[in-house]
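Got a minute to look at how some helices pack? Have the sequence and the 3D view ready.

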Amino acid sequence: MEILHISAECYPIAKVGGLADVVGALPKYQSNSTISSQVIMPLYNNKFTKENTFETVYETKLTIGGKVSIYRILTLKNKDIGFNIFFVDIPELLFNDFVYSNDDTDRFLAFQIAVLDWIMTLNEKPTIVHCHDHHTGLIPFMMTQCKKFKILRSIPTVLTIHNAQYQGWFSHNKVSLIPEFNIESVGVIDWDGSVNPLAAAIKCAWKVTTVSPSYMEELKLNANGLEHLLSHESAKCVGVLNGIDAEVWNPETDNYLVGNYSVSNVQSGRKMNKKWLCKEFNLDFEKPLFAFIGRLVGEKGADLLPEVFKYALEKEKISILLLGSGHDEVEEQLNDLIDAFSGSYNAFIGYDERLSHIIYGGADFLLMPSRVEPCGLNQMYALKYGSVPIVRSIGGLKDTIIDINEEEGFGICHDEVTVHEITNAMERGVALYQDQSKFRKIRKKMMGIDHSWNASALEYIDIYKSLKN
Ligand code: ADP
């Protein structure tokens with residue numbers, strides 16, 4: 001069985017968030033003697049592209065809206081990332097410094113058409129086409145409706161929704177960019193008067209998955225306008241919890257860490273990472289260190305962080321470190337706190353993969369006050385690295401974290417996204433930190449939880465098999 005994952009992101013090539021981690025790990029865990037799982041993604045003008053070499057496997061012309069571009073399909077020549085990876089290189093459209101930009105409609109439309117054109121040329125077609133998020137959402141539609149892709153109609157398609165907030169909407173003026181289809185089917189790509197690639201994929205894919213079971217249920221009530229569609233299509237929808245790549249995210253072998261450790265030497269290993277963080281960011285090592293890593297957007301509750309931090313720092317003897325970027329106003333407010341709380345608060349506004357690993361390996365607590373959290377990977381990395389997650393019980397956070405007040409608990413949960421509830425949860429964290437014997441017991445329990453992809457990869461394989469028969 002040949003699985004082809006189609007995605008805008010894939011770790012370690014191009015990462016903006018959890019989508020990259022999932023697409024960079026799942027194929028490794030799916031591949032076995034009978035299954036080969038590969039990925040195709042755009043070629044970006046990023047660090048990975050500059051540092052590696054590629055080989056052209058296919059080259060042709062792509063015509064979109066009367067405009068002709070040359071495009072190439074490349075493979076990686078010098079490196080093994082654990083699975084076969086292909087790149088779509090369209091120099092004037094896709095080869096940007098960043099994964100996402102403001103002309104994404106044209107860029108990802110071209111990407112999707114190029115992928116299907118290329119599949120058409122393959123002698124061995126994929127058994128399953130697995131699309132990820134709205135950037136690949138028109139693929140199931142084009143495979144079933146576009147005349148030129150008629151022979152792909154019988155290939156089952158799976159859509160995984162990593163985040164339903166973003167749907168890739170564009171105006172009907174651009175419908176002519178899609179290869180010819182019976183215009184009577186235009187309703188299939190429409191949702192509320194716009195072309196909606198995510199809605200189109202939910203309608204056309206043979207199976208729809210979300211990245212946690214709770215998120216699947218929540219989407220039927222709140223999906224940025226797609227609630228009714230998801231309820232209507234619920235028979236083909238299922239939630240499969242994401243896993244983590246235990247090869248990349250392992251504190252014993254993680255090259256990014258200052259000190260490696262396992263459960264047996266967790267105290268000394270984590271101490272080295274925390275010391276490094278405190279020195280680098282001018283924080284007091286003796287105080288409990290709370291951290292936040294992520295996109296500074298409303299979904300993550302980031303707009304409340306400046307007020308939360310101010311309140312908590314005035315009230316408690318704690319240190320706080322933030323790593324993230326997003327809304328300008330939030331970035332500014334978070335930066336402004338640095339001088340006011342010098343010595344107990346710091347922030348790195350930007351993206352830094354290495355720093356994120358050291359934070360998981362050194363911070364005592366990881367904050368995730370999310371309003372929406374389809375799965376969340378941060379809390380799973382935190383568990384594996386022994387940093388106690390403080391989470392709002394929603395989506396994947398609800399499926400993975402049990403509060404310490406429960407018998408088998410190992411994290412701290414709150415129900416609402418308010419300054420009061422978040423700071424209350426942080427206070428509970430301080431109390432836990434003061435009870436070091438309980439803190440250490442919980443840490444050991446967390447680190448022993450298996451969130452690797454093993455179980456979830458099998459669930460996906462069962463889904464593929466059910467579609468093939
Ligand atoms: P998202 O909604 O952003 O996809 P996830 O929890 O699923 O959230 O995944 C976030 C991933 O991105 C994690 O691997 C996290 O460590 C990483 N990440 C987020 N922001 C940053 C940042 N500023 N620097 C480094 N890594 C980051």
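Here is a quick briefing on helix packing and a cavity.

This is a predicted model, where local features need pLDDT of at least 70, side-chain atom pairs count only at pLDDT 80 or more, and totals for chains, interfaces and linings use all residues. Residues are numbered from 1 along each chain as its sequence is written, and side-chain values use heavy atoms, with hydrogens and water left out.

**Helix 10 with helix 11**
- Helix 10 (residues 305-315) and helix 11 (residues 328-340) pack at about 20°, with axes 9 Å apart.
- Helix 10 and helix 11 are therefore roughly parallel (angles under 35 degrees count as that).
- In contact (heavy atoms within 4.5 Å), Leu-305, Pro-306, Phe-309 and Lys-310 of helix 10 meet Gln-333, Leu-334 and Leu-337 of helix 11.

**Helix 10 with helix 15**
- The axes of helix 10 and helix 15 (residues 419-434) come within 10 Å and cross at roughly 40°.
- That makes helix 10 oblique to helix 15 (the class left over once angles under 35, over 145 and from 65 to 115 degrees are taken out).
- On the helix 10 side, the contact includes Glu-307, Val-308 and Tyr-311, and on the helix 15 side it includes Val-419 and Ile-422.

**The cavity**
- Searching the whole structure turns up one cavity of 30 Å³ or more (on a 1 Å grid, a set of points where a 1.4 Å probe fits but cannot get out).
- The largest cavity has a volume of about 40 Å³.
- Its lining residues (an atom within 4 Å of a point) are Tyr-11, Asp-21, Gly-24, Ala-25, Asp-245, Val-248 and Trp-249.

Notes. Axes are lines fitted to C-alpha atoms, for helices over the stretch in contact, and angles run from 0 to 180 degrees between N-to-C directions. Helices (H or I, at least four residues) and strands (E, at least two) are DSSP runs, numbered from the N terminus. On a 1 Å grid over the protein atoms alone, a cavity is a set of points where a 1.4 Å probe fits but cannot get out, and a pocket is an open set with protein on both sides within 12 Å along at least five of seven lines; lining residues have an atom within 4 Å of a point. Grid points are joined across faces, edges and corners, and a volume is the space filled by probe spheres set on the points.
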